[in-house]
Number of protein chains: 2
Amino acid sequence: MARIVMKFGGTSVQDIERIRNVANRVAERVAAGDEVAVVVSAMAGTTNELIDWTREAAQFHDAREYDTVVSAGEQITVGLLAMVLQDMGISARSWLGWQIPVATSGVHGSARIEEIRADTLLQRLQQGQVAVVAGFQGLGPDNRITTLGRGGSDTTAVALAAALSAHRCDIYTDVEGVYTADPRIVTRARKLDKITYEEMLEMASQGAKVLQTRSVEVAMNHRVPVQVLSSFSDAPGTMVVDEDEIVEHAVVSGITYSSAEAKITIQRVADRPGVAAAVFGPLAEDNINVDMIVQSASPDGTSTDMTFTVPRGDLDRALKQLEAVRKEIGAEGIIARDEVVKVSVIGVGMRSHAGVANRMFQTLAERGINIQAISTSEIKISVLIDAAYTELAVRALHTAYGLDAN
Amino acid sequence: MARIVMKFGGTSVQDIERIRNVANRVAERVAAGDEVAVVVSAMAGTTNELIDWTREAAQFHDAREYDTVVSAGEQITVGLLAMVLQDMGISARSWLGWQIPVATSGVHGSARIEEIRADTLLQRLQQGQVAVVAGFQGLGPDNRITTLGRGGSDTTAVALAAALSAHRCDIYTDVEGVYTADPRIVTRARKLDKITYEEMLEMASQGAKVLQTRSVEVAMNHRVPVQVLSSFSDAPGTMVVDEDEIVEHAVVSGITYSSAEAKITIQRVADRPGVAAAVFGPLAEDNINVDMIVQSASPDGTSTDMTFTVPRGDLDRALKQLEAVRKEIGAEGIIARDEVVKVSVIGVGMRSHAGVANRMFQTLAERGINIQAISTSEIKISVLIDAAYTELAVRALHTAYGLDAN
């Protein structure tokens, strides 16, 4: 007997037929004697329809009202899934965020879970009732519904698993697990049996879409064993675990790419103290995350070019901020490009192996791919390249690090 | 300055365009200096779609889960309307049933409002904020969402008006008020300027669809002045008021018809004590309301035919109950018919005028319409006739009681 949290996304519950499939998966666990809490998203398409309506209602709208509207999607699926389970003879009830409650911060639209007071829910689990929990939503300090931002249902599931001291959190998706690279691009990509929290965190934040970054953070902080698996097959998935649970580490576990970046170059900035602060200060104040930064001296030594990346969605706002400081820093011009992609090589094995970065640079150089910026962490190397080379770069690196399936 | 509750049904909020129209109506009241709470239903079609899904999920389903699913409809509209109002520069916020809270009984699917604790909401109104309230939903003693049954938003509006001691509750519909008869049948029907609570209650329960019966009960009990008016025109509507606010009463205020009945005849029941109890006891226990009852002696005096009506939706259940007692009461046969209609003549003036019933019987007799059953109250006479004669009967009675417009 185990206590399990299962999470199903929008495509897994997009109609009653699919909801029955989810109920069957839950029934298997119940039959095995497990205590089961199941977290579900809105039916695929519903959230987008609701968001479209909010945009039609008002271009700039109150995030509290937005949360009221979009949280209705999960409310519908939990009721329907509870009904289907009951119809199969399984004791079940739905739980909305405010009913548990899932206490969150007051930042509507992208709230953070602060505490899940799951005592009552746990009692019901122990009495053999399946808890059907609405993902993505919580209750703010203002007694109003909050939402956690896109992909927030993953975070609900992992945080609930932590609150319930569950043995495992199973995240069901439309792929069979975490791959060494996006299988749509790399046909020889392999499914990983295990991956560490740290690697999963880097992969999620560097473009792998299989888990929401925040959910991996929560899993890592609370050491929740997470499994990523397919809701449409019976193949075992990928376990996200502690580093010491993996006996032999590959140097590199995966290659990711992200098109979510845009590149900004400020030309001929005066080369004097305080310029970087003048450029990045206003961006930080406007909550724009600057990622890769490259500074290159000009031939005459009196000015410099400054290149950096920002999230693509923040590009317009960033340019507006920079236009305002342009004169102050004496810049000649500001150039923005969004046909760039960030390719990352990730692996905890990197820590104990030299030459990993060099192999990346060499592999790309051999294919004639120019590196526009670099950023690294202990277990990751990222490069910014021209978006046209995305597939070529990812495939070449996948081969170069010995990740190709036989 | 007045405190007003405005209520808009599903067709008035069926898309963002229509929601803007509602917002404009609210804005007019705000501009006039009124404190405004606006109660809205789900977008037309949404509730039916949600109900269809619950049926697809399970033929027999938990009413608590049903309430969770269908209440999502109003949740969406309140958020959208609040956004549109804010976008027009009007301070507004949405309120869900559990947030106010609207405390109801625990009968999920058809809960009754027990108390609206509107203190916080009232404070906000007094600060000039428009309250956008989800109709149809409340919070049960089990801390779960309840719904009030079809048309429940009218009741939410009236009960909220009572709780807020509002000056008026305006119910916006797709007709211009309460008519002397259904204008789709009687082209010479007239809109009433005023109608008493008692008359409105009879009209609602005898088939006029303009207001939900329960909402009129609440209005009458709390003496809430209710106005029924069109959301698509500026014509004044019908005021539902106390009897003493109407100076001169017409003998008859309106003619209604209802196709929601079915007729059951039990043939040749033994004519002895206890038979009626044996017939109606099981029906009462199964919550089936028996309305009109006619008993006719058989020629030989030893047995009798018993005819009565039940709500059409309960007919199958009623027949099942009766089949079970058939032998016990020695009945020869049970005949059910649903091609019947109940036509009612309603008016408080009836109390002080003789001959009202007789005029009804005579008018129908002149048209060759056979009366199958009769029931009366102090201010109403209802007859059951063949459904094929519906229009003929309603038109003839409308003329006979002098209700035709010039």
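## A walk through chains A and B

Start by selecting chain A: 49% of its 406 residues are buried, meaning that 20 or more other C-beta atoms, placed from the backbone, lie within 10 Å of the residue's own. This is a predicted model, in which local features need pLDDT of at least 70, side-chain atom pairs count only at pLDDT 80 or more, and totals for chains, interfaces and linings use all residues. Residues are numbered from 1 along each chain as its sequence is written, while chains are lettered from A and ligands numbered from 1 in the order in which they are written.

Now switch to a cartoon view of chain A, where you will find 12 helices and 20 strands (DSSP runs numbered from the N terminus: H or I of at least four residues for helices, E of at least two for strands). The C-alpha trace of chain A spans about 80 × 55 × 30 Å along its principal axes.

Next, pick out Leu81(A), Leu160(A), Leu81(B) and Leu160(B), the residues with the most contacts inside the largest nonpolar core, which has 252 residues. Such a core is a set of buried Ala, Val, Leu, Ile, Met, Phe, Trp, Tyr and Cys residues joined through C-beta atoms within 7 Å.

Zoom in on Leu160(A): beyond its neighbours within four places in sequence, its contacts (C-beta atoms, placed from the backbone, within 7 Å) are Val5(A), Ala37(A), Val39(A), Ile116(A), Ala118(A) and Val133(A).

Finally, show both chains: 26 residues of chain B are in contact with 26 residues of chain A. On the chain B side, helix 2 (46-57), helix 3 (63-70) and helix 4 (72-87) each supply at least two residues. Helix 4 of chain B gives the largest share, 11 residues.

Notes
Contact = placed C-beta atoms within 7 Å. Buried ≥ 20, exposed ≤ 12 C-beta atoms within 10 Å, placed from the backbone.
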